[in-house]
Amino acid sequence: MAHFAANLTYLFTELPMQQRFAAARRAGFQGVEILFPYDLAVKELVRCAEATGLEFVLLNSPPPNWAGGPRGFAAEPGNEARFRSDFDRAIRYAQALDVQHVHIMAGRAEGPQARRTMIENLKWAARRAPRASLTIEPTNTQDMPGYFLNDFDLAAEIIAEVGAPNLGLQFDAYQAQMIHGDVLDLWRRLAPITRHVQVAGFPGRHEPRTGDIDFARFYRALDEAGYDGWIGAEYTPLTSTEAGLRWLRSA
């Protein structure tokens with residue numbers, strides 16, 4: 001049975017980050033994700049997690065600047081040194097916070113050289129942190145123009161070519177619907193290589209309860225596949241987070 005984690009970068013944003021942990025716990029979440037926690041003191045984050053009994057599920061490998069900054073460097077030729085230094089920083093945070101998964105962002109790039117660069121960077125990262133669970137996530141180019149990893153089949157090919165036991169897929173249902181249009185079919189094909197799941201409604205990336213994705217069927221498909229990992233709630237609430245949490249109770 002999967003467990004739900006609140007993405008605190010998106011949820012409870014009316015509160016300071018330190019107070020979002022307690023709000024997530026009261027809402028019924030069992031874990032938390034923070035996309036880029038690098039501007040926050042590790043000791044403070046550990047204290048918040050321990051005080052609420054929440055598990056740290058996921059963080060993103062830098063960039064540390066979420067507001068307007070680039071979206072990773074793994075596929076950017078010529079930025080290998082930046083990728084490696086940023087990855088080392090992410091791993092230090094992940095180890096201190098006992099994070100389950102580190103999502104490695106591809107960045108903006110295109111073409112065969114970008115693919116080769118990403119594969120080599122991922123091979124290096126998998127060797128560099130052999131005990132870490134690493135993920136890659138396809139992201140649609142409407143929300144993130146120019147993002148290299150913009151297709152789930154491409155992600156599967158890259159994971160296979162890297163061939164590292166600690167690298168897998170981050171399956172975001174919103175991105176799957178946006179890119180491919182059939183979440184259930186894609187899930188059934190890619191469940192064996194998936195390490196982490198995220199949900200948001202489509203269209204709009206709001207609460208995962210209405211729209212083109214049948215979440216009841218999707219959750220059943222997760223169970224049928226034997227997925228017992230985390231489901232990250234990574235969405236923008238229509239109003240306040242609290243007002244839209246009916247979906248969590250029904251899920």
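Q: Before we start, what ground rules apply to numbering and to the model?
A: Residues are numbered from 1 along each chain as its sequence is written, and side-chain values use heavy atoms, with hydrogens and water left out. As this is a predicted model, local features need pLDDT of at least 70 and side-chain atom pairs count only at pLDDT 80 or more, while totals for chains, interfaces and linings use all residues.

Q: How many helices and strands does the chain have?
A: Helices (H or I, at least four residues) and strands (E, at least two) are DSSP runs, numbered from the N terminus. Here the chain has 9 helices and 8 strands.

Q: What does the radius of gyration say about the overall shape?
A: The radius is taken over C-alpha atoms, and the globule rule is 2.2 Å times the number of residues to the power 0.38. For 251 residues a compact globule would come out near 18 Å, and the chain has 17 Å, which agrees. Along the principal axes, the C-alpha trace spans about 45 × 40 × 35 Å.

Q: What share of the residues is buried?
A: Buried means under 20% relative accessible area, exposed over 50%, and partly exposed in between (1.4 Å probe, protein chains only). By that cut-off, 56% of the 251 residues count as buried. As for the surface, areas come from the Shrake-Rupley method with a 1.4 Å probe, and for residues only the protein chains shown count as cover. The accessible surface of the chain comes to about 10800 Å², with 47% of that belonging to carbon and sulfur atoms.

Q: And what share of the contacts joins residues at least 24 apart?
A: Contact means heavy atoms within 4.5 Å. Taking contacts between residues at least 6 apart in sequence, 76% join residues at least 24 apart.

Q: How do I describe two packed helices, say α2 and α3?
A: Two packed helices are described by the angle between their axes and the distance between the axes. The axes are lines fitted to C-alpha atoms, for helices over the stretch in contact, and angles run from 0 to 180 degrees between N-to-C directions. For α2 (residues 42–52) and α3 (residues 80–97), the axes come within 10 Å and cross at roughly 35°. On the α2 side the contact is made by V42, L45 and V46, and on the α3 side by Y93, A96 and L97. Sorted by class, that contact has 6 nonpolar, no polar and no charged residues. The classes are: Ala, Val, Leu, Ile, Met, Phe, Trp, Tyr, Cys and Pro nonpolar; Asp, Glu, Lys and Arg charged; the others, Gly among them, polar.

Q: Which residues of helix α1 are buried, and what covers them?
A: In α1 (residues 17–27), the buried ones are M17, R20, F21, A23, A24 and A27. Their cover includes β1 (3–7), β2 (31–33), α2, β3 (55–60) and α9 (246–250).

Q: Which residues other than glycine have a positive phi?
A: F12 is one of them, with phi near 60°. F12 sits in the loop between β1 and α1 and is buried, at a relative accessible area of 0%. R205 is another, with a phi of about 55°. R205 lies in the loop between β7 and α8 and counts as buried at 15% relative accessibility.

Q: Where is there a cis peptide bond?
A: Look between F202 and P203, where omega is about 0°. P203 is in the loop between β7 (194–199) and α8 (215–224). F202 also turns up among the contacts of Q177, alongside D182, V183, D212 and I213, leaving aside neighbours within four places in sequence. Q177 lies in helix α6 (residues 173–179) and is buried, with a relative accessible area of 11%.

Q: Is M144 buried or exposed, and what is it in contact with?
A: M144 counts as buried at 12% relative accessibility. M144 lies in the loop between β5 (133–136) and α5 (152–162). Leaving aside neighbours within four places in sequence, M144 is in contact with R71, M105, R108 and T139.
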